[in-house]
Amino acid sequence: MRIYIPAARFAFLAVVIFSLITAWAQLPAPSEGDYVSHDFHFKSGETLPQLRMHYATFGTPARDANGKVTNAVLLLHGTSGSGRQFLVPQFAEVLFGPGQLLDISRYYLILPDNIGHGKSSKPSDGMHAHFPHYDYEDMVRSQHEMLEKGLGVNHLRLILGTSMGCMHSWVWGETYPDFMDALMPLACLPVQIAGRNRVWRKMVMDGDYSAEPRAALVTTAHMFYIATSAPLLMQKNLPTRSATDLADADYVKMFVAEHDANDLWYALNASENYDPTSQLERISARVMFVNSADDFVNPPELGIAEREIKRVKNGRFVLLPISENSHGHTWAALWQQHLKQLLDVSQH
């Protein structure tokens, strides 16, 4: 999820609406579809007779003489988001246009809504708390099945993921090490979720959703606002108490209207078993790992990224410095040069 940080109430709404309209106006409509996995078995032991995976795509797959797809790019969204997050200008206008790094006339871009998110199967479809409990391994396995059986994609040129999608990238690299040429994890750490990152998630998940779901959603909205914000930029754009309060109220209103308490609980709880630490040496793809120095969730003073990337044989870590243009969970304009480097070094 990307946070827009306004100076006032109407500016906030205008930016959100204008951004979505602009992105769609400059891109052709993506092809959309659903892949249905029958009798999907979750790691918890539960099953779902029909697991629906929604996706959007741009472009067409290209194959080499052996039938291997050579231009497919999988874009993985963050917690509580959907594949649509990549259609806003800070991604689409920087990456997807003619001559840009992920030009849709050259690449086959795949934007899934992952389990529990968007138009894919999720608790709020009707099962609510009876929906199977899923984790990141289930989510990555469903992505893999959707690619191979639903879209006929047997290889990926690149996996790029933000936040939760960043963590999925590490799971992909370890679980299917030969399936992709390159990985670009953005805004996460390749270790189990602990410390402050775990605490803010528990603050959200421990809410009494059954007794007061709206109150729980309001609390969740406040936590997401803080966890995905950048202090320097927020102080610049919200320099007064009244501007801050108005922006916060608008964000909370928008968040509560767009989210379901059970969906959020499941999405956050999916990170419970995430811990790629023990298998980082299995990753054979080229890796460009990028975090931001103003990331509340993954602060640089932990030193974890610098330590763990040494175990990835083809890995590089980049820490983006704090500036008035950085956004914690980063925007494409700030890291596109690193994406270019990754595409160059992983070219076959």
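Guide: A crossing is right-handed if the near helix is turned clockwise from the far one by less than a right angle, and left-handed if anticlockwise. The model discussed here is predicted.

Visitor: At what angle do helix H6 and helix H8 pack, and how is H6 oriented to H8?

Guide: Helix H6 spans residues 213-227 and helix H8 spans residues 241-258, with their axes 9 Å apart. The two pack at an angle of about 125 degrees.

Visitor: How many nonpolar residues does the contact of H6 with H8 have?

Guide: From H6 come Arg214, Leu217, Val218, Thr220, Ala221, His222, Phe224 and Tyr225, which meet Ala247, Asp248, Tyr251, Val252, Phe255 and Val256 of H8. By class, two residues in this contact are charged and two are polar. The number of nonpolar residues is ten.

Visitor: How are H5 and H9 oriented to each other?

Guide: The axes of H5 and helix H9 (residues 261-269) come within 10 Å. They cross at roughly 155 degrees, and the crossing is left-handed. Because angles over 145 degrees fall in one class, H5 and H9 are roughly antiparallel.

Visitor: Which residues in H9 does H5 meet?

Guide: The H5 side contributes Trp200, Arg201, Val204 and Met205. By class, the contact of H5 with H9 has five nonpolar residues, one polar and one charged. The residues met in H9 are Trp265, Leu268 and Asn269.

Visitor: How many residues apart in sequence are the parts that the disulfide pair ties together?

Guide: The structure holds one disulfide, joining Cys166 to Cys188 with an S to S distance of 2.0 Å. About the S-S bond the value is -65 degrees, and the link is left-handed. Cys166 lies in helix H4 (residues 164-175), while Cys188 is in the loop between strand E6 (182-186) and helix H5 (195-205), so the parts tied together are separated in sequence by 22 residues.

How values were computed
Residues are numbered from 1 along each chain as its sequence is written. This is a predicted model: local features need pLDDT of at least 70, side-chain atom pairs count only at pLDDT 80 or more; totals for chains, interfaces and linings use all residues. Side-chain values use heavy atoms; hydrogens and water are left out. Axes are lines fitted to C-alpha atoms, for helices over the stretch in contact, and angles run from 0 to 180 degrees between N-to-C directions. Helices (H or I, at least four residues) and strands (E, at least two) are DSSP runs, numbered from the N terminus. Contact means heavy atoms within 4.5 Å. Ala, Val, Leu, Ile, Met, Phe, Trp, Tyr, Cys and Pro count as nonpolar, Asp, Glu, Lys and Arg as charged, and the others, Gly among them, as polar. A disulfide is a pair of cysteine sulfur atoms within 2.5 Å. Angles under 35 degrees count as roughly parallel, over 145 as roughly antiparallel, 65 to 115 as roughly perpendicular and the rest as oblique.
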